[in-house]
Amino acid sequence: MDIKTRQAAIEGWFIPGDDRTALVGSRCRECGTYSFPKETFFCKNPSCTGTEHEQVELSRRGRIWSFTNNCYQPPAPYVATTDPFEPFAVAAVELAEERLVVLGQMVSGTSIEDLHAGMEVELVTETLFEDDEAVHLIWKWCPVCPAISDPAPMQQSSPEDPTANQSGDLPASPGRAGS
Ligand SMILES: [Zn+2]
């Protein structure tokens, strides 16, 4: 038996799970302000004097607020998973309910060409790195639309098969002269 422990790379920030990853934040008992990572003392709201916070699981979905391509290898404690370093996409996501913006890597295989602001994403767990003791896990954002590598949907296409109407009148045909 050689089953390694699977654990969160940043303890206490999220709950890893195969089908239910959750970020762990806090909610001020006084004013209801959410925080991520969780607050243990002062409330983030400057006009609130609350110091009691309850730990909560935050929304598992949100929309991309901003995104970028991380082209340079971050400094330690970042652990490179490829050598040479391969750029990866990073997204700042506004959580559906709490409206907090949470930064995270996009799932492996996502390129920034696949992303746009406002795109819906959800949390998943991926392996960050593995050492002798454990598999260290991290949350990532995954586009909710399953086929992220598909070409963009064709907006103008009509329900009918466009190739079936080759005879004469093609009002929506892209402008191509017949010569
Ligand atoms: Zn508060």
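**View 1. Phe-67 stands opposite Ala-91 in strand S7.** The model shown here is predicted. Strand S7 covers residues 88-95, and its pairing with S6 is antiparallel, with 8 bridges.

**View 2. Strand S6 also pairs with strand S9.** Residues 61-70 form S6 and residues 120-130 form S9; the two run in the antiparallel sense and share 3 bridges. Within this pairing, Arg-63 has Glu-120 of S9 as its bridge partner.

**View 3. Phe-36 and Pro-37 are joined by a cis peptide bond.** The omega angle of this bond is about -10 degrees. Most peptide bonds are trans. Pro-37 lies in the loop that links strand S4 (34-35) to strand S5 (53-57).

**View 4. Arg-99 has a positive phi.** The angle is about 65 degrees, although Arg-99 is not a glycine. Most residues other than glycine have a negative phi. Arg-99 belongs to the loop between S7 and strand S8 (101-106). Is Arg-99 buried or exposed? Arg-99 has 11 other C-beta atoms within 10 Å and is therefore exposed, the limit for this class being 12 or fewer.

**View 5. The whole protein chain contains 10 strands and 0 helices.** In sequence order, the elements follow the pattern β-β-β-β-β-β-β-β-β-β. The chain has 179 residues, of which 22% count as buried. Among contacts in the chain with a separation of 6 or more, 53% are between residues 24 or more positions apart.

Note on methods
Residues numbered from 1 in each chain as written. Predicted model: local features only at pLDDT ≥ 70, side-chain atom pairs only at ≥ 80, totals over all residues. Pairing = 2+ DSSP bridges. Helix = DSSP H or I, 4+ residues; strand = E, 2+ residues; numbered from the N terminus. Buried ≥ 20, exposed ≤ 12 C-beta atoms within 10 Å, placed from the backbone. Contact = placed C-beta atoms within 7 Å.
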